[in-house]
Amino acid sequence: MPVIELRDLEKTYKTGEVEVKAVRSVTLSIDSSEFVAVMGASGSGKSSLMNMLGCLDQPTAGSYLLNGVSVADLNREELADLRNKKLGFVFQSFNLLSRTSALENVELPLSYAHPVVSLRDRRKRAVEALEKVGLGERIHHYPSQLSGGQQQRVAIARALVNNPELVLADEPTGNLDTRTSIEIMGLFEELNEAGITIIMVTHELDIADYCKRSVVMRDGLVVGDTPNENRRIARQELAALIMNEQRARLA
Amino acid sequence: MMAILKVINAFFVRALQTALIALRALRRNKLRSSLTALGIIIGVASVVAMVAAGNGAQAKIASRISALGQNLLLVFAGSSHSGGVYSGLGSASSLTLADAAAIRREVADMVSTSSEDSTTAQVIANGRNWSTTVMGESPDYLRIRDWKPASGYMFTKRDLMRAGKVAVIGSKTASELFGPLDPVGQNLRIKNIPFVIIGLLESKGAGMGGKNQDDCIIIPYTTAMKRLTGDKYLRSINVEISRADCMESAQGQITSLLRQRHHLSAGQENDFNIFNQKEIADTVKSVSKIITLLLGAVAGISLLVGGIGIMNIMLVSVTERTREIGIRIAVGAQPGDIRLQFLIEAVTLSFLGGLIGVLAGVSASKLVGVLAGFEAVVSTGSIVLAFGVSSAIGIFFGFYPAHKASRLNPIEALRYE
């Protein structure tokens with residue numbers, strides 16, 4: 001059974017008299033353990049699609065089945081529970097709570113979990129998640145004390161801590177330099193290899209190349225949906241990058 | 001059973017962690033939080049202090065009134081006039097000793113009467129002189145006024161019969177004439193007539209209207225009429241009635257008795273006036289009660305203003321933390337979690353404000369007591385009320401901002417700069 005099944009999904013925004021069709025009739029199916037890049041220019045409807053996939057917004061028409069459950073039939077509380085348990089978000093601007101340590105940021109989803117997770121379990125799972133993203137040493141740092149890449153790692157740890165089935169990333173490398181971007185993509189690769197489904201919005205082609213499948217949108221419609229033939233592997237790219245740097249230094 | 005315990009435990013864990021989040025947010029904005037709480041502090045403190053001051057004033061007034069004597073009817077002679085000049089109450093020659101005797105004889109519920117004829121005179125003693133009120137009274141006068149000699153004794157019926165030249169002296173007059181010396185047994189001249197001081201009155205303090213009750217000399221009314229004033233008539237008769245609820249009927253009886261004795265026909269006005277001590281007392285008491293209520297109401301309004309301050313700050317806080325709210329919603333916070341977080345912030349502000357306000361109010365009451373010279377009475381009722389209202393205000397004024405926060409659109413909230 002697919003994790004995500006969209007049929008004729010539509011989203012229309014009303015701003016005063018004008019109606020804007022951000023997403024028109026998208027039909028898409030994503031299976032478990034896929035690694036999908038959603039591409040498109042700004043205004044193509046990819047962010048609106050992501051918001052609906054993340055249960056932050058409801059479609060105006062069509063159906064969205066998440067794990068076979070129709071999202072349209074859920075109320076606010078059930079949607080919140082769904083985001084908490086099944087979904088993990090990673091944003092372009094990290095969206096960490098400031099003046100709150102990395103550890104507490106990662107604990108945040110657990111504190112809203114039903115049934116209640118004990119304080120000790122929260123800590124244990126948050127530390128594990130931070131170790132998984134390579135930040136075991138910096139759990140008590142505040143976001144302002146961390147680099148952009150480290151902040152995005154904290155955000156990924158937060159997305160992972162509740163063992164979601166699906167991680168949704170909205171331009172996760174948009175604010176990062178090339179090398180850090182590749183590192184973050186490497187992290188996504190590892191997660192995907194561990195069986196987590198990842199859907200990522202990006203407008204950078206070389207970032208999309210790390211994914212297994214590319215969905216291209218234009219004017220609210222899916223205009224391309226192809227598996228990546230020449231997929232880039234972050235580990236190799238990183239090694240090449242380091243070698244190039246050393247060569248440059250020697251020369 | 002276990003399941004229920006688990007649910008209760010889960011509820012407490014959530015409530016506690018939400019409270020911690022709320023408290024941390026308050027701590028981060030120390031200045032803002034304390035200024036917001038200040039509104040409630042002032043409100044609660046003023047309710048507590050104002051009501052305490054009002055109660056204190058009421059108690060003081062009540063004790064002053066009871067010092068005037070309970071259940072007293074004051075019968076004054078009417079005012080006299082010659083040509084266009086009107087003299088004050090008691091100046092008319094209408095009340096006689098026979099009237100007093102008739103009241104004693106015929107008014108039911110009468111306990112005792114004191115006939116009164118007073119004048120102002122220069123008195124000389126111990127080489128000093130002093131102008132004071134000389135009151136001719138009956139021996140019952142002190143009892144009626146609930147007054148006692150501090151040393152010596154009151155004159156008796158015998159002194160009254162023989163118009164004895166004996167005097168009982170008020171403490172203020174005594175200190176003016178004799179300083180610290182005990183005046184009892186000393187001589188005193190009133191309008192050059194020698195009197196022996198047989199008693200010194202205990203201090204009664206200022207009466208209603210600020211008149212010093214201790215500045216007086218009391219002599220038998222017979223002596224006053226015969227030797228000092230030459231009056232044939234009384235200025236007033238104090239009538240003590242046995243029970244408070246008989247006051248009105250006694251007043252009616254005295255009125256008809258005196259009208260009959262003075263041969264007043266149906267259309268004529270009374271040539272005397274009767275003041276009902278209880279009526280005066282009731283009026284004063286109800287006025288002071290109204291003042292207490294007004295003070296409380298004004299203070300209550302400041303409490304309300306404090307509540308609006310909380311709402312204002314909470315709305316600012318929600319707007320400021322839109323992004324934080326968006327993050328919390330995105331990671332799965334229920335609307336209820338967000339609402340509870342902001343509600344706890346508001347309630348904490350008003351609750352702590354209320355707590356400090358009560359303490360400040362109690363201290364302020366003490367201060368008012370010291371400054372105004374009377375004991376402010378802090379009532380438990382006003383504390384409970386002010387505290388309860390302030391907490392309720394926190395919930396009431398905190399609810400709207402909290403609800404607004406819980407209803408934020410997560411997408412817009414996350415995009416908020």
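**Close-up legends for a predicted model**

**View 1. N192(B), with 9 C-beta neighbours inside 10 Å, counts as exposed.** A residue is buried if 20 or more other C-beta atoms, placed from the backbone, lie within 10 Å of its own, exposed if 12 or fewer, and partly exposed in between. This is a predicted model: local features need pLDDT of at least 70, side-chain atom pairs count only at pLDDT 80 or more, and totals for chains, interfaces and linings use all residues. Residues are numbered from 1 along each chain as its sequence is written, and chains are lettered from A and ligands numbered from 1 in the order in which they are written. N192(B) is not a glycine, yet its phi is positive, about 70°. The residue sits in the loop that joins β8 (187-190) to β9 (193-201) of chain B; helices (H or I, at least four residues) and strands (E, at least two) are DSSP runs, numbered from the N terminus.

**View 2. N67(A) is a non-glycine residue with a positive phi of about 55°.** Its loop lies between β4 (61-66) and β5 (69-70) of chain A. N67(A) counts as partly exposed because 15 C-beta neighbours fall inside 10 Å.

**View 3. The peptide bond from H114(A) to P115(A) is cis.** Its omega is near -10°. P115(A) belongs to the loop between α3 (102-111) and α4 (119-132) of chain A. Most peptide bonds are trans, and most residues other than glycine have a negative phi.

**View 4. Six strands of chain A form an open sheet with mixed pairing.** The strand order is β6-β7-β8-β3-β9-β10, where two strands pair if DSSP finds at least two bridges between them. At the edges, β6 (87-90) and β10 (221-227) of chain A each pair on one side only. From one strand to the next the twist averages 15°. Strands β3 (residues 35-39) and β8 (residues 197-201) of chain A run parallel and are joined by four bridges. F35(A) stands opposite I198(A) in β8(A).

**View 5. V90(A) and P172(A) touch each other.** V90(A) lies in strand β6 of chain A and is buried, since 26 other C-beta atoms are within 10 Å. P172(A) is in the loop between β7 (166-170) and α6 (178-193) of chain A; with 28 C-beta neighbours inside 10 Å, P172(A) is buried as well. Leaving aside neighbours within four places in sequence, the contacts of V90(A) include A155(A), I156(A), A159(A), V167(A) and A169(A) (contact: C-beta atoms within 7 Å). Under that same exclusion, P172(A) also touches Q92(A), Q152(A), I184(A) and M200(A). P172(A) and F35(A), 137 residues apart along the chain, have C-alpha atoms separated by 14 Å. V90(A) and D206(A) are 116 residues apart in sequence and 19 Å apart in space, C-alpha to C-alpha.

**View 6. Helices α11 (residues 335-372) and α12 (residues 380-406) of chain B come within 7 Å.** Their axes, which are lines fitted to C-alpha atoms over the stretch in contact, cross at roughly 155° (angles run from 0 to 180 degrees between N-to-C directions). α11(B) is therefore roughly antiparallel to α12(B), as angles over 145 degrees count. The residues of this contact divide into 19 nonpolar, 10 polar and one charged. Ala, Val, Leu, Ile, Met, Phe, Trp, Tyr, Cys and Pro count as nonpolar, Asp, Glu, Lys and Arg as charged, and the others, Gly among them, as polar.

**View 7. Chain B contributes 17 residues and chain A 21 residues to their contact.** On the side of chain B that touches chain A, α1 (2-28), α10 (322-330), α11 and α13 (410-415) each supply at least two residues. α1(B) gives the most to that side, with five residues. By type, the residues of that side are 10 nonpolar, three polar and four charged.

Definitions and conventions
Angles under 35 degrees count as roughly parallel, over 145 as roughly antiparallel, 65 to 115 as roughly perpendicular and the rest as oblique. Two residues are in contact if their C-beta atoms, placed from the backbone, lie within 7 Å.
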